[in-house]
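Here is a short briefing to read alongside the model. Please keep the structure open as you go through the points.

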Amino acid sequence: MYSIGLDVSKSTIAVYIPINGQHLEIENTPKALKGLYAKLKKLYAKAIERVVFVYEPTGSYSVLLSKFCHDKGIRAFIINPKQSRNYAKALGRRNKNDKVDAGVLSSAIAIADEGSVTVPAINAVAEEIKELMSYYRFTVKARVKASNHLEAVSSKVGSRYVIKDLEKRIAEYRKQEKAILEKVLELIAKDAELQRQFDNIRSIIGIGNVAAAALLHLFLRYPNASRAQIVSLAGIEPVQSCSGSSVRSRPKISKAGDKLYRGALFMSVMVAVRHNPQMRAFYERLKTNGKHTTAAQIAVMRKLLLIAHSLYKNDQQYDPDRYLQHASSAEKEAA
């Protein structure tokens with residue numbers, strides 16, 4: 001394999017071509033990608049079929065590159081950002097810039113297993129769902145911001161005009177959120193595979209339409225993520241600061257992931273501990289063992305996420321008896 005390192009940003013892509021050690025910077029546009037591929041064809045000639053693009057998934061910035069690889073049949077190793085950072089540290093690359101990163105990405109093909117080097121699969125419906133869920137997230141953020149401002153204005157008996165206008169905007173945001181979610185559900189229903197994946201996630205007692213759509217969005221966005229990585233991407237992995245014997249903070253979640261997923265999961269926890277016998281038993285067992293309410297809720301949140309991820313990966317429906325036996329392992333993760 002001949003690995004081309006590509007460090008993707010909003011407007012540009014830093015490229016490293018190992019066959020001649022050349023560094024390039026191109027625009028992140030279809031025209032520039034076509035020009036790059038034409039250049040690679042000349043350099044690699046008949047070996048062009050063995051060329052692999054190595055890059056990190058950088059949200060919407062790397063979508064164009066993935067679509068280009070899909071259309072041209074170019075195999076890619078889409079490396080997890082944490083994995084690439086750890087690889088760079090192992091190489092002793094302390095300096096960080098686009099040029100260096102492209103070179104590191106090129107050599108990172110050494111840690112790719114055979115199954116991770118494939119032509120990116122592009123599902124048009126899945127891509128639209130991603131965009132809609134991102135817009136849903138944007139709308140929720142706007143509503144929460146308006147609600148917080150309304151609370152602040154109302155507490156000091158502020159302008160009636162401002163209060164009325166904020167109330168109107170909040171109502172509009174709620175209506176918009178509902179319309180977006182309905183559109184997402186319509187799109188899912190048009191794709192048999194997506195509908196099956198959605199139904200698998202939705203089969204968990206406590207997971208509603210919003211949470212199932214949000215988790216489907218997360219799993220589609222990071223299709224190759226491991227269990228540990230998916231917990232990290234949702235921002236609910238435990239972290240603790242320890243230094244010597246004097247600095248020992250209480251464990252807490254990182255909150256490094258997207259709030260959309262945590263918010264959806266938190267609402268699901270409230271339902272699950274009431275109506276899902278397995279989750280209720282798990283939650284009560286943690287409480288009996290001395291866990292704080294918040295810590296127990298986060299443990300249930302993490303368990304729901306991992307079960308949903310497993311159902312998505314294995315194309316299965318929720319089986320209470322099967323997942324009840326994993327309560328002890330989840331308790332260890334929560335400890």
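D315 is partly exposed, with a relative accessible area of 41%. In this predicted model, D315 sits in the loop between α12 and α13 (320–324). Its phi is near 55 degrees, a positive value in a residue other than glycine. For context, most residues other than glycine have a negative phi.

**Other positive phi values**

- A45 also has a positive phi, of about 50 degrees, although A45 is not a glycine.
- You will find A45 in the loop between α1 (30–44) and β4.
- A45 counts as partly exposed because its relative accessibility is 47%, which lies between the 20% limit for buried and the 50% limit for exposed.
- G21 takes a positive phi near 65 degrees in the hairpin of β2 and β3.

**The β2–β3 hairpin**

- Strand β3 (residues 22–27) pairs with β2 in the antiparallel sense, and six bridges join the two.
- Four residues lie between the strands of this hairpin.
- For a reference point in the pairing, take Y16, whose bridge partner in β3 is H23.

**Helix α4 and its neighbours**

- Which residues of helix α4 (residues 98–107) are buried? They are D101, A102, G103, V104, L105 and S106.
- These buried residues pack against three strands, β1 (2–8), β2 (12–17) and β4 (51–55).
- They also pack against a helix, α3 (81–91).

**E177 in helix α6**

- E177 belongs to helix α6, which covers residues 160–190.
- Is E177 buried or exposed? E177 has a relative accessible area of 8%, so it counts as buried, the limit being under 20%.
- Leaving aside residues up to four places away in sequence, E177 touches Y136, T139, V140 and R143.
- One of these contacts, V140, turns up again among the residues nearest the centre of the second largest pocket.

**The largest pocket**

- About 1300 Å³ of space is found in the largest pocket.
- Its lining is made up of 44 residues, and those nearest the centre are K130, L220, R221, Y222 and P223.
- Which element gives the largest share of this lining? That is α5, with six residues.
- The elements that each supply at least two lining residues are α2 (63–72), β5 (75–78), α3, α5 (124–155), α7 (192–202), α8 (209–221) and α12 (293–314).
- By residue class, the lining has 19 nonpolar, 16 polar and nine charged residues.

**The second largest pocket**

- The volume of the second largest pocket is about 470 Å³.
- This pocket is lined by 20 residues, with V140, K259, L260, G263 and A264 nearest its centre.
- Two or more lining residues come from each of α5, α8 and α10 (259–275).
- The largest share here, seven residues, is supplied by α10.
- The lining of the second largest pocket holds nine nonpolar, five polar and six charged residues.
- If you are looking at the two pockets together, note that α5 and α8 contribute to the lining of the largest pocket and also to that of the second largest pocket.

Conventions
Residues are numbered from 1 along each chain as its sequence is written. This is a predicted model: local features need pLDDT of at least 70, side-chain atom pairs count only at pLDDT 80 or more; totals for chains, interfaces and linings use all residues. Side-chain values use heavy atoms; hydrogens and water are left out. Buried means under 20% relative accessible area, exposed over 50%, partly exposed in between (1.4 Å probe, protein chains only). Contact means heavy atoms within 4.5 Å. On a 1 Å grid over the protein atoms alone, a cavity is a set of points where a 1.4 Å probe fits but cannot get out, and a pocket is an open set with protein on both sides within 12 Å along at least five of seven lines; lining residues have an atom within 4 Å of a point. Grid points are joined across faces, edges and corners, and a volume is the space filled by probe spheres set on the points. Ala, Val, Leu, Ile, Met, Phe, Trp, Tyr, Cys and Pro count as nonpolar, Asp, Glu, Lys and Arg as charged, and the others, Gly among them, as polar. Two strands pair if DSSP finds at least two bridges between them.
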